[in-house]
Amino acid sequence: FDSVSNSRVTATIANDALTDGKSIKMVAVLFDVDGNAIAASSTFLDSIKGSSELPVVFTWPNPFVTPPASFEIYLHYDQGVVGEN
């Protein structure tokens with residue numbers, strides 16, 4: 001969490017597989033000190049090459065009055081179909 005802008009999370013997504021990852025949706029959820037979700041932001045990548053990393057940024061339009069205590073990033077991606085051409 002960027003405490004200077006108080007409205008963005010930066011992360012790195014890594015693809016350790018040898019094949020490309022496709023259709024990757026990521027959601028960052030921010031939590032307060034009591035563990036309650038207070039905000040969420042999502043982003044989408046069409047693909048990420050195998051054995052590579054990319055920076056990812058989640059933003060909010062306004063700074064938070066109180067910075068979040070923690071955050072988690074969830075992702076969903078297309079696993080493909082075995083035998084797909």
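Select Phe1, Trp60 and Phe64: ring pairs link them into a cluster. Rings of Phe, Tyr and Trp (its six-membered ring) pair if their centres lie within 6.5 Å; planes under 30 degrees apart are stacked, over 60 edge-to-face, the rest tilted. This is a predicted model, where local features need pLDDT of at least 70 and side-chain atom pairs pLDDT 80 or more, while totals for chains, interfaces and linings use all residues. Numbering runs from 1 along each chain as its sequence is written, and side-chain values use heavy atoms, without hydrogens or water.

By the ring rule there are two aromatic pairs. Phe1 and Phe64 are tilted, 6.1 Å centre to centre with 55 degrees between the planes. They sit 63 residues apart, Phe1 in the segment before β1 and Phe64 in the loop between β4 and β5 (70-78). Strands are DSSP runs (E, at least two residues), numbered from the N terminus.

Now show Trp60 with Phe64. Their planes stand at 65 degrees and their centres 5.8 Å apart, so this pair is edge-to-face. Phe1, at 29%, is partly exposed.

Next, select Asn6, also in the segment before β1. Buried or exposed? Asn6 is buried, because its relative accessibility is 12%. Its side chain reaches the backbone oxygen of Phe64 at 2.3 Å. Beyond four places in sequence, the contacts of Asn6 (heavy atoms within 4.5 Å) include Phe1, Asn62 and Pro67.

Definitions and conventions. Helix = DSSP H or I, 4+ residues; strand = E, 2+ residues; numbered from the N terminus. Buried < 20%, exposed > 50% of the residue type's maximum accessible area, 1.4 Å probe, protein only. Polar contact = N/O pair within 3.5 Å; in protein donor to acceptor, adjacent residues only side chain to side chain.
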